[in-house]
Amino acid sequence: MPVTRKSLLSGGLAVTLLAASGYLTVQLRDRDHQPAAGSNAPLITATAAPSPAADAGTARAAAPDRYRYERLAGPDRTVVRDARGGVVATLTDNARTAVLAGPSRTFAEPGTTTATVVTDSWVRLMPQPWKAGAEQEGWFRTWFQQSLGSTADDVLAAAVQYVAGAPAEKDAKGVRFKGDASFGPLNPNGSAGNDLRLEQTDFFDYLGVPYTFADKVTRQPDKTRYGAFDCSGFVRMVYGYRSGYPLLSKDAAGPGLPRTANGLARTGPGVPVIPLTTAAGSDTTLRPSSIDPLQPGDLVFFEIDARTGARLDHTGIFLGLDTDGHPRYISSREEADGPTFGDKGGTARLDDNGMYAKGLRSAKRL
């Protein structure tokens with residue numbers, strides 16, 4: 001949803017984030033060691049630091065049974081540790097999203113923020129939801145050997161490939177599937193600070209090609225919306241088109257991701273890691289008192305437009321801690337005219353009293 005027409009519910013407690021939380025596999029670095037922000041172009045760097053899983057030459061070949069599988073709760077999950085006790089994977093029950101340890105990367109967007117995100121977390125989808133004991137199953141053993149240590153694009157890499165200045169890339173059919181994205185076309189009845197850009201732009205509009213969804217419905221792209229997607233369209237691009245999660249054509253319960261932020265939050269698949277709560281005797285949604293369970297790749301949901309009532313109207317993807325120790329997320333926003341984890345139109349932090357932090361309502365792990 002646009003960030004220019006915001007009327008937040010007042011009140012709410014300040015959110016605290018424990019930098020040492022076991023749920024976050026983000027590795028922070030001293031700001032003095034970060035690349036200089038000398039331009040407005042996005043920056044993605046990778047440092048081939050040794051993986052805690054094993055030596056660089058053996059990490060991918062290591063068999064799954066060489067690791068220790070530890071069960072934890074809140075949410076129920078399996079943590080995979082190497083011989084030295086280091087966490088190499090976090091696998092949540094009933095979720096396909098896995099967080100794997102890998103080479104450290106730096107995500108920077110100097111045109112909108114001085115903060116960078118330095119992380120050794122790699123977020124990937126397993127071929128099926130995790131369950132306790134699945135480390136003994138053939139599908140997991142194959143997937144784990146192929147995925148641990150891989151530097152192919154993951155969820156986080158895909159997410160930052162649409163920020164301002166990101167280079168375009170086309171597939172073998174000539175379809176542009178990555179590169180600088182817009183939020184949507186200008187609204188003929190809008191103005192700066194008042195619905196400047198049109199919503200309801202999905203990922204296939206960005207692609208400019210028809211798409212057949214898991215519910216067998218085929219949609220045609222709007223040529224006026226080429227190269228654009230709104231907040232939920234962005235999530236569907238990253239997790240659906242790029243990562244392979246099934247997609248639905250509308251808001252409905254089913255074998256895929258619904259169309260809107262509200263649908264993703266209320267009827268879509270995934271494990272609630274921050275449950276949606278309401279005030280007693282009311283449909284007024286509440287800001288969570290803690291965001292400790294968040295891990296990179298989680299979907300976060302917001303209520304930032306009073307005109308939509310209790311409907312959740314914005315969504316994005318949690319990146320992890322920035323170099324100042326603050327939790328940061330990325331989403332497609334009207335004022336930034338596309339995906340950003342910067343602070344144009346409101347800080348993208350979740351631990352202050354800014355617009356997004358105060359509007360946060362829930363989170364899911366797909």
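I began with Leu321 and found its bridge partner, Pro327, in strand 14. Strands here are DSSP E runs of at least two residues, numbered from the N terminus. This is a predicted model, where local features need pLDDT of at least 70 and side-chain atom pairs count only at pLDDT 80 or more, while totals for chains, interfaces and linings use all residues. Residues are numbered from 1 along each chain as its sequence is written, and side-chain values use heavy atoms, with hydrogens and water left out.

Next I checked the pairing: strand 13 (residues 314–321) runs antiparallel to strand 14 over four bridges. Two strands pair if DSSP finds at least two bridges between them. Five residues lie between these strands in their hairpin, and Gly325 has a positive phi near 85 degrees there.

On I went to strand 15 (residues 338–340), which pairs antiparallel with strand 14 over three bridges. Ser332 stands opposite Pro339 of strand 15. This hairpin has four residues between the strands, and Asp337 takes a positive phi near 55 degrees.

Is strand 14 (residues 327–333) mostly covered or uncovered? I found seven of its seven residues buried, meaning under 20% relative accessible area with a 1.4 Å probe, protein chains only. One side holds Pro327, Tyr329, Ser331 and Arg333, the other Arg328, Ile330 and Ser332, and all are buried.

Last, I looked at confidence: pLDDT, the predictor's confidence in each residue from 0 to 100, averages 85 over the chain, and 79% of the residues score at least 70. Over residues 1–61 pLDDT stays under 50. Where pLDDT is low, the predicted coordinates should not be read in detail.

How values were computed:
Buried < 20%, exposed > 50% of the residue type's maximum accessible area, 1.4 Å probe, protein only. Contact = heavy atoms within 4.5 Å.
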